[in-house]
Amino acid sequence: MAGVFSYESSEIDWCEDNYRHSEHVVESFNTMSSFIFFIISPIMLYLLHPYAKERSLAIHLVWVMMIFVGLFSAYFHMTLSFVGQMLDELSILWVLAVGYAVWFPRRLFPSFIKDRSTFSKLVLVITVISSVSSFVKPTANAYALNCFGLHLLYTLIVEMKCCTDQKALRLAKLSIALWVLAISCWLGDRFGCILASPYLDANYEIPYSLPGLQYWPCDRWAVGLPHIVLKGNPKTEKRC
């Protein structure tokens, strides 16, 4: 049991250099970036209080739980422990669940659901099942959470078609742009590290081939698909 609390017991390791600034913090930058939740959440609690009083106090729960997202995210990146990973991912899942229960449009409810109370109970059941299932294959949790993100993106686009408020439309477009940027950074981190590993492996295992990195479709572009090219002649390998 103690092993799941151990440093680096998670199978996930982000691209940031480990222990670069402290022997007690695995990923310093990712840990510090999590504290933005402690700034934004209290401000939103204050700004949305009149709306929450009129609509539903459950709205406050979203921002209270966002504080826990920041707390667990900081703990995860500080330790890269299995427990930290699960707390981080489950806190995000439950924030999404509360958001679904409170804000999901009534007109998009499944046909067999007639009121928000029933819909909230359905969301609760799905969230509990998802929480239990997350322990089966923890490395797949992030991809499952992104599936919820895709559904929310679809819902937002549907709602934008019925909205005429220009401020709301501008906010929706900004939200989509930030979501795309976040997903791009996440994918870059995941697959960028994978490409970095084959490149380092090639340098160690087949140095005679002079491995290098190039970007497709054009190596001069700032972005592209990175791949390894071998610039040397395999025949130059030194054999004993």
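Predicted model: local features only at pLDDT ≥ 70, side-chain atom pairs only at ≥ 80, totals over all residues.

**Stop 1: two helices side by side**

Start by selecting residues 82-103, which make up helix 5, and residues 141-160, which make up helix 7. Look along the pair: their axes come within 11 Å and cross at roughly 20°. Angles under 35 degrees count as roughly parallel, so helix 5 is roughly parallel to helix 7. The crossing of helix 5 past helix 7 is left-handed.

Which residues of the two helices meet? On the helix 5 side, pick Met86, Glu89, Ile92, Leu93, Leu96 and Tyr100. Facing them from helix 7 are Asn141, Ala142, Leu145, Phe148, His151 and Leu152. Colour this contact by residue type and you get nine nonpolar residues, two polar and one charged.

**Stop 2: His77**

Next, select His77, a residue of helix 4 (residues 58-79). In UniProt, an unreviewed entry gives His77 the feature "binding site". Is His77 buried or exposed? Its relative accessible area is 9%, and buried means under 20%, so His77 is buried.

To see what surrounds His77, show its contacts, skipping residues up to four places away in sequence: you'll find Trp14, Val26, Glu27, Asn30, Thr31 and Ser34.

**Stop 3: two residues with a positive phi**

Move along to Leu80, in the loop between helix 4 and helix 5. Leu80 isn't a glycine, yet its phi is positive, at about 50°. With a relative accessibility of 1%, Leu80 is buried.

Then jump to Glu8, in the segment before helix 1 (28-33). Glu8 is not a glycine either, and has a positive phi of about 60°. How accessible is Glu8? Its relative accessibility is 39%, which makes Glu8 partly exposed.

**Stop 4: Glu11**

For the last stop, select Glu11, which also sits in the segment before helix 1. Glu11 is exposed, at 68% relative accessibility. What does Glu11 touch, leaving aside residues up to four places away in sequence? Show Gln85 and Thr139 and you have its contacts.

Finally, try the distance tool from Glu11 to Met65, C-alpha to C-alpha: the two are 25 Å apart in space and 54 residues apart in sequence.

Terms used:
Residues numbered from 1 in each chain as written. Heavy atoms only, no water. Axes fitted to C-alpha atoms, helices over the stretch in contact; angles between N-to-C directions. Helix = DSSP H or I, 4+ residues; strand = E, 2+ residues; numbered from the N terminus. Parallel < 35°, antiparallel > 145°, perpendicular 65-115°, else oblique. Left-handed = near helix turned anticlockwise from the far one by under 90°. Contact = heavy atoms within 4.5 Å. Nonpolar A, V, L, I, M, F, W, Y, C, P; charged D, E, K, R; others polar. UniProt positions renumbered as here; feature names shortened; annotations may be inferred. Buried < 20%, exposed > 50% of the residue type's maximum accessible area, 1.4 Å probe, protein only.
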